[in-house]
Amino acid sequence: MNITFIGTGYVGLVSGVMMSYFGHNVTCLDTNSTKIAQLKSSTLPIYEPELEKYLTPAIKFIDHYRDIPSDTEAIFITVGTPSLPSGQADLSYVFAAADNLIGHLGTSNDSLIVVKSTVPPGTCNKLQSYLAAKNSKLKIATNPEFLREGMAVKDFLNPDRVIVGINNREDLKILEALYKPLIKKNIPFVVSDLITAETIKYASNSFLAAKIAFINEMADLCEIIGADIEKLAYGIGLDHRIGKDFLKAGPGFGGSCFPKDILALATLTKDCKVDGLILNAVITANERRPGNMINKISTALGGSLANKKIAVLGLAFKAGTDDVRSSPAIEIIKLLQERQANIVAYDPIATTDLTGVMIADSPIEACNGADALVIVTEWQEFERLDFEHIHKIMKNRVIIDLRNMLDSRVLAAMGFEYYGVGK
Ligand code: UDX
Ligand code: UDX
């Protein structure tokens with residue numbers, strides 16, 4: 001198939017490259033010419049392990065709609081759909097893409113637009129009416145993504161399922177042709193109407209977010225009653241109805257999807273006069289989490305953070321990515337600064353231009369003279385630090401491990417004061 005992707009971000013680029021690997025002729029468009037220039041010189045503008053080896057010169061990278069091949073059969077929209085201040089998803093980029101497609105392909109073009117960007121339920125129907133009102137023959141389907149950053153290639157090649165939403169059966173043939181390699185591997189291929197497919201995406205992310213908010217709440221309880229959150233998570237996760245994944249307590253969920261998707265779904269339930277109690281409780285609980293972590297750090301340091309030097313290990317919202325969008329680490333650093341703490345941060349991949357934050361070139365440099373070491377992102381290298389040496393160079397030997405990555409017994413034996421989450 002001849003396919004064009006509009007938007008080469010974390011989702012569009014991975015999807016485009018992997019669709020090329022499936023054997024399709026892929027064109028990737030992005031209005032950010034810098035990104036396209038990088039991609040033309042085979043440089044990835046994002047950090048995504050494994051993706052590099054699938055990058056091929058067969059993919060056309062363009063930064064203008066006029067260069068979209070006229071024989072394109074399917075056009076994936078993977079532009080950003082960030083949160084507006086109201087909590088609703090910003091769909092301006094999606095509709096801008098539609099306008100540009102009509103403008104450059106003409107109203108007689110009857111290619112299939114496949115909306116992959118996460119859009120609120122009802123958007124695709126609105127888009128269909130929008131196109132019809134402009135006398136465009138472009139058709140609409142939706143195919144939400146379930147790619148985890150840092151695992152996106154693996155998730156693309158081995159998804160639990162492919163979800164597609166259509167509003168007429170003949171579009172199914174194109175979607176089945178696009179995903180033929182996965183259908184041949186018996187990956188469940190779920191066909192529904194547009195609005196159900198859109199809602200599956202939001203419900204999936206919101207449920208996963210709720211699971212994380214739940215285990216974080218259990219962690220807070222464990223700390224008070226003296227239970228162990230990791231044993232608790234293991235014990236409940238063995239129930240196949242619960243499942244072991246997404247039960248790791250931590251500093252709260254972040255990233256460019258969970259926070260914005262659950263907020264958009266909660267906003268929709270409010271607009272539909274549905275209570276949305278659970279969604280709003282998850283949002284509130286997660287919003288409070290960075291503050292809870294500050295209290296934990298403050299208590300560990302005797303109640304005051306003013307003028308304390310704190311080494312923060314990790315900036316990305318999770319390990320395996322350079323993405324700092326809605327990262328708990330960034331929130332925690334801002335709150336620590338509000339309490340007049342001095343921050344030195346280190347991340348192997350991600351960075352930040354937050355004012356007043358010293359960026360260290362290594363974890364050791366960050367720990368030099370520090371009153372506390374706080375682990376916020378679960379980068380593997382933090383498990384293998386030279387803690388004997390760190391013990392010598394820290395001013396205070398306090399370790400707050402917000403990902404329960406380290407062995408508290410070993411560190412206590414070295415003379416550290418160790419604090420985990422839910423332990
Ligand atoms: C985005 C949405 O955030 C997510 O909800 C959806 O599931 C998929 O698309 P992501 O790939 O992380 O996820 O977005 P981002 O990294 O911001 O990439 C969007 C790309 O679209 C950017 O490269 C941007 O330059 C490009 N873009 C944006 C266009 O090409 N045209 C536009 O009009 C706007
Ligand atoms: C998520 C969904 O998993 C993916 O299916 C969807 O397409 C996009 O959004 P992503 O945002 O990349 O993927 O990250 P994910 O691995 O899901 O983690 C989301 C957040 O939850 C991170 O902040 C992570 O640290 C946190 N998390 C995850 C936990 O705190 N505990 C866990 O057990 C799992």
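View 1. An oxygen atom of ligand 1 is 2.5 Å from an N or O atom in the side chain of Lys 260. Of the accessible area of 690 Å² that ligand 1 has on its own, the protein covers 88% (Shrake-Rupley method with a 1.4 Å probe; for residues, only the protein chains shown count as cover). This is a predicted model, in which local features need pLDDT of at least 70 and side-chain atom pairs count only at pLDDT 80 or more, whereas totals for chains, interfaces and linings use all residues. Residues are numbered from 1 along each chain as its sequence is written, chains are lettered from A and ligands numbered from 1 in the order in which they are written, and side-chain values use heavy atoms, with hydrogens and water left out. The side chain of Thr 118 places an N or O atom 2.8 Å from an oxygen atom of ligand 1, and a backbone N or O atom of Val 11 lies 2.9 Å from a ligand 1 oxygen. Such polar contacts are pairs of N or O atoms within 3.5 Å; within protein, one must be able to donate a hydrogen and the other to accept it, and residues adjacent in sequence count only if both atoms are side-chain atoms.

**View 2. The shell around ligand 1.** Ligand 1 is surrounded by 20 residues, the closest being Asp 30, Lys 35, Thr 118, Lys 260 and Arg 325 (a heavy atom within 4 Å). By class, this shell holds four nonpolar, 11 polar and five charged residues (Ala, Val, Leu, Ile, Met, Phe, Trp, Tyr, Cys and Pro count as nonpolar, Asp, Glu, Lys and Arg as charged, and the others, Gly among them, as polar).

**View 3. The surroundings of Glu 48.** Glu 48 counts as buried because its relative accessibility is 4% (buried means under 20% relative accessible area, with a 1.4 Å probe and protein chains only). Beyond its neighbours within four places in sequence, Glu 48 is in contact with residues including Val 14, Arg 148 and Val 153 (heavy atoms within 4.5 Å). Its side chain reaches the backbone nitrogen of Gly 150 at 3.0 Å, and a polar atom of the Glu 48 side chain lies 3.3 Å from the backbone nitrogen of Met 151.

**View 4. Polar contacts of ligand 2.** An N or O atom in the side chain of Lys 318 is 2.9 Å from an oxygen atom of ligand 2. Taken alone, ligand 2 exposes 660 Å², of which the protein buries 93%. The shell of ligand 2 comprises nine nonpolar, two polar and seven charged residues.

Notes: Buried means under 20% relative accessible area, exposed over 50%, partly exposed in between (1.4 Å probe, protein chains only).
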